[in-house]
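Please keep the sequence and the structure in view while reading.

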Amino acid sequence: DGCGHTVLGPESGTLASINYPQTSPNSTVCEWEIRVKPGQRVQLKFGDFDIDDSDSCHSSYLRVHNGIGPTRTEIGKYCGFGLQMDGLITSKSNEVTVQFMSGTHTSGRGFLAAYSTTDKLDLITCLDNASHFSEPEFNKYCPAGCVIPFADISGTIPHGYRDSSSLCMAGVHAGVVSNTLGGQINVVISKGIPYYEGSLANNVTSKVGPLSTSLFTFKTSGCYGTLGMESGVIPDAQITASSILEWSDQTGQVNTWKPENARLKRVGPPWAAFISDEHQWLQIDLNKEKRITGIITTGSTLAEYYYYVSAYRILYSDDGQKWTVYREAGMDKDKVFQGNTELYQEVRNNFIPPIIARFFRINPLKWHQKIAMKVELLGCQFSIGRAPKITMQPPPQNKNNDKNNDFSDDFIHSVKTSLQTDKTTFTPEIKNTTVTPSVTKDVALAAVLVPVLVMVFTTLILILVCAWHWRNRKKKSEGTYDLPYWDRAGWWKGMKQFLPTKSAEHEETPVRYSSSEISHLRPREVPTMLQTESAEYAQPLVGGIVGTLHQRSTFKPEEGKEASYADLDPYNSPIQEVYHAYAEPLPITGPEYATPIIMDMSNHPSTPLGIPSISTFKAAGNQAPPLAGTYNKLLCRTDSTSSAQALYDTPKGQPGPGATEELVYQVPQSVAHSTGSKDE
């Protein structure tokens with residue numbers, strides 16, 4: 001009479017003293033016999049140990065034995081308040097006996113322990129929670145039987161569970177381990193959230209929880225998507241039922257609660273059976289085999305009709321004719337699932353191992369007032385190849401033929417169950433289970449075409465942009481003034497159409513300068529020589545025919561007059577050419593701004609204009625600039641006997657044959673010179 005919470009599974013389990021975690025009663029005893037598969041050994045781990053040791057383990061104690069029965073041998077005898085037993089107690093065989101004796105005492109909670117086979121190296125107990133571990137991610141083995149009434153959990157999937165929750169109990173709630181079998185869990189720790197929801201799942205009620213510093217979730221295969229009841233992927237024609245509730249209300253309107261109404265979260269009435277008994281069913285055809293990992297149910301969801309199913313069985317089939325009742329692995333009884341406790345709340349149940357079938361049937365066993373429900377199936381596509389069928393020799397025919405046939409059917413059924421269980425150990429291929437297969441193909445095709453089209457359009461846009469930039473650069477380079485190339489013949493030929501017509505014999509006559517060396521150069525050599533090095537002073541940016549300069553010009557005319565040059569009129573046009581001299585830096589004592597001078601390039605005697613001509617150019621030596629009323633023509637200076645050295649531009653790179661004082665002016669390269677001058 002001293003046995004408390006006990007679940008003995010084939011590979012693991014949980015056991016506790018009576019009334020745990022409260023004080024155990026006096027004079028009680030309990031003995032557990034644990035067996036695992038032959039060839040394996042048992043390991044025992046204590047989650048809590050608090051037994052009175054006032055009489056040195058004489059009347060109150062816990063004793064562990066190797067073996068079962070009279071031949072068992074003692075491993076150890078334990079007692080003590082708050083005894084820390086962190087290690088494992090390991091047997092020498094596949095059988096262990098645990099004996100608890102409670103004598104006369106006033107305190108002591110008793111104990112809680114878990115066991116498993118020795119190949120489960122990371123065994124924990126039902127009392128361990130996430131705060132006991134510092135790793136951000138870890139794997140542990142949960143024993144069977146961790147749905148205990150004295151442990152709490154807060155939260156749900158996928159949001160996570162509060163760190164104070166029991167790891168193994170939360171694993172059962174999440175559907176990653178079975179309460180009757182136990183199993184491995186993969187835990188991930190993350191930052192906590194302000195609020196934890198509560199829900200009912202797998203016969204475990206999760207409570208609402210407050211803020212915590214951390215939470216934990218479980219890594220799973222990911223095969224928990226909806227299979228199409230709510231979304232409508234499963235058509236109405238594939239949802240059938242044993243009967244349909246049809247009735248008329250007070251207004252005479254006929255109400256029919258059809259099977260297709262059994263879609264979770266759909267507004268409106270549910271499916272309801274015409275007769276409420278244990279022979280009713282709701283059937284869903286998935287069109288092909290699927291891996292079904294869970295189910296979610298609600299009641300009628302109509303406040304005026306308080307109908308719901310509180311317990312049910314699950315049947316499945318490959319052809320819709322032969323049906324198999326779902327059982328947990330290693331169990332010989334049909335599993336009964338807990339349903340709803342009211343008409344609104346969603347209740348989830350998971351299948352461990354999963355069901356692999358095309359046809360799925362729900363058989364209500366208990367209900368409130370009437371059988372009515374809405375459902376959704378969880379799972380994923382099943383694309384793993386079927387296990388090969390096992391062929392067996394038929395049993396020998398004898399007088400016990402009927403008995404052998406029964407044995408053969410049972411054996412084949414157990415083989416089929418074993419094959420289906422083995423298939424669930426593979427990692428499933430996760431696909432989008434909320435769309436039809438044809439839509440899945442279209443999605444895959446679009447996933448390939450969309451990036452290709454994006455790359456093509458991006459390439460075209462880049463080509464257009466580059467072409468546009470290249471065109472703009474070409475236009476810009478063609479329209480830019482390029483001084484070093486003004487002597488090109490192409491430019492001159494293009495400009496001839498804008499100049500007055502002149503005789504052909506004047507086109508190729510070279511220009512003669514006062515310098516003896518310059519006068520011997522060919523026509524194309526003069527601009528080339530002048531361009532060998534940039535001028536000291538700025539060259540004019542505009543060439544061609546220019547009118548008379550206005551007053552206060554910064555260009556200085558040359559003194560003197562050359563009749564042979566001035567008398568020429570090569571273009572026979574009243575419009576005269578003005579040859580731009582080059583500016584010289586302003587004198588230090590002069591005005592801040594340049595003062596232009598007026599120059600007359602005509603070959604007729606000039607008359608006073610009444611406006612003084614002031615030059616900012618400095619003459620040779622200390623000679624003052626020309627006074628008002630003095631007008632000069634812009635001519636080439638040829639006086640080579642001048643003793644004073646000229647301060648005007650001379651072609652760089654041409655020192656002249658020993659005449660350092662000789663002054664040669666640059667002629668604008670854009671102006672065609674007269675061909676009528678002669679050597680002096």
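Ile463 is placed in helix α3, which covers residues 437-479. The model is a predicted one.

Ile463 belongs to a nonpolar surface patch, together with Val448, Leu449, Val452, Leu453, Val456, Phe457 and Leu460. The accessible area of these residues together is about 740 Å².

The largest nonpolar core is made of 28 residues. Ile314, Phe351, Ile355, Phe360 and Ile362 have the most contacts inside this core. Five strands are listed as giving two or more residues to it: β18 (239-241), β22 (282-298), β23 (308-317), β26 (347-368) and β27 (372-381).

Which residues does Ile355 touch, leaving aside those up to four places away in sequence? They are Lys290, Arg291, Ile292, Ile314, Tyr316, Tyr326 and Phe360. Two of these, Ile314 and Phe360, are also named among the residues with the most contacts inside the core.

A second core is separate and has 24 residues. Among them are Tyr61, Cys79, Val96 and Ala113.

## A buried threonine

Thr293 is part of strand β22. Is Thr293 buried or exposed? Its relative accessibility is 5%, and the limit for a buried residue is under 20%, so Thr293 counts as buried.

Beyond residues up to four places away in sequence, Thr293 has contacts with Cys223, Tyr224, Asn349, Asn350, Phe351, Pro354, Leu378 and Gly379. One of these, Phe351, was named above for its contacts inside the largest core.

## Backbone exceptions

Most peptide bonds are trans, and most residues other than glycine have a negative phi. The residues below depart from one or the other pattern.

The peptide bond from Tyr20 to Pro21 is cis, and its omega is near 10 degrees. Pro21 sits in the loop between β2 (12-17) and β3 (28-35). Another cis bond runs from Ile352 to Pro353, with omega near 5 degrees. Pro353 is in strand β26.

Asn19 is not a glycine, yet its phi is positive, at about 70 degrees. Asn19 lies in the loop between β2 and β3, and with a relative accessible area of 44% it is partly exposed. Asn287 also has a positive phi, near 75 degrees, but Asn287 is located in strand β22.

Methods: Residues numbered from 1 in each chain as written. Predicted model: local features only at pLDDT ≥ 70, side-chain atom pairs only at ≥ 80, totals over all residues. Heavy atoms only, no water. Core = buried A, V, L, I, M, F, W, Y, C linked by side-chain atoms within 4.5 Å. Buried < 20%, exposed > 50% of the residue type's maximum accessible area, 1.4 Å probe, protein only. Helix = DSSP H or I, 4+ residues; strand = E, 2+ residues; numbered from the N terminus. Contact = heavy atoms within 4.5 Å. Patch = residues over 30% accessible without salt bridge, like charges linked within 9 Å, V, L, I, M, F, W, Y side chains within 5 Å. Areas by Shrake-Rupley, 256 points an atom, 1.4 Å probe, with all protein chains shown as cover. Salt bridge = Lys/Arg side-chain N within 4 Å of Asp/Glu carboxyl O.
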